[in-house]
Amino acid sequence: MFSGDQTITYTLYRKKIWKKSAKRKLFQLTDSGSVIAGAECITSKLIEISNDRGLISEMDIKSYSSGPFILRMGNEKRLEITSSSNRQIRVEFTRTDEESTFPYTVLISQAASTFEEGSFGNRPAIKSVKNCKLQNEDGKEIVSVRKIKKNALAIDAKKNISFVSVMAIGLFMFLHKA
C-alpha cells in the first residue's frame with residue numbers, strides 16, 4: 001500500500017434528502033467511525049464543509065464535467081481539482097508560507113480507469129469510475145479513492161494530507177460527471 005508512511009483510511013458517505021421541496025446532497029466524512037466533518041451542496045456551484053465548531057471551508061464548482069472544484073478557506077485557495085477528457089484527475093495544492101515543507105504540489109491519477117476488486121490489494125473496492133489512485137511526481141500512491149458501497153467511498157490518504165483536502169477529493173469523485 002503506502003510503504004513506510006502512515007496512512008489514514010476515511011469513509012465519505014453520501015445522502016440525498018428532501019429539504020424545502022428540493023433534493024439536497026449531504027455528505028459525512030468519518031475516521032474510524034467518528035464523524036469529523038460534513039458537507040452540503042448549498043447551490044449547484046457551492047459546497048460548504050463544516051464540523052461541530054462551524055464552517056471550515058467552501059468549495060466552488062465551475063463545471064461538474066471537468067472542474068475545477070476549488071477548495072477555499074476564507075478567501076484563500078487551498079486546492080484545485082480538475083479532470084481531463086480522458087478522466088485523468090489532477091489535484092493541485094496551494095501552499096501557504098507556514099506549509100512550505102508540505103511535500104506535494106500536484107497529484108495525478110492514471111487516465112480513465114475503473115479499478116476493480118483486487119486493484120487495491122487487500123483493500124475492498126467495487127468496480128466504479130469513482131475509483132482512482134492519485135500519485136505524486138515520483139509515481140508514488142498518495143491518495144486512493146475506492147467505492148465500497150452505492151453511497152460510500154473509502155479514501156486512503158497519507159497522514160500529512162488534511163481531512164479537508166481528503167473530503168474535497170471525495171466530493172469531487174462523487175459529484176463530477178464523466
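**Reading the barrel**

A: Gladly! Twelve strands, in the order 1-2-3-4-5-6-7-8-9-10-11-12, close into a barrel with antiparallel pairing. On average, neighbouring strands of this sheet are turned by 20° against each other, direction ignored; axes are lines fitted to C-alpha atoms, for helices over the stretch in contact, and angles run from 0 to 180 degrees between N-to-C directions. Do keep in mind that this is a predicted model, where local features need pLDDT of at least 70, side-chain atom pairs count only at pLDDT 80 or more, and totals for chains, interfaces and linings use all residues. Residues are numbered from 1 along each chain as its sequence is written, and side-chain values use heavy atoms, leaving out hydrogens and water.

Q: What counts as a strand, and when do two strands pair?

A: Strands (E, at least two residues) and helices (H or I, at least four) are DSSP runs, numbered from the N terminus. Two strands pair if DSSP finds at least two bridges between them. Here, strand 1 (residues 7-19) pairs with strand 2 over ten bridges in the antiparallel sense, and Lys-19 has Ala-22 of strand 2 as its bridge partner.

Q: How many residues lie between strand 2 and strand 3 in their hairpin?

A: Two, and Ser-32 in that turn has a positive phi of about 55°. Strand 2 (residues 22-31) and strand 3 (residues 34-43) are antiparallel, with six bridges, and Asp-31 stands opposite Ser-34 in strand 3.

Q: Which residue of strand 4 is the bridge partner of Ala-39?

A: That is Ile-49. Strand 3 and strand 4 (residues 46-51) pair antiparallel over five bridges, and a hairpin of two residues joins them.
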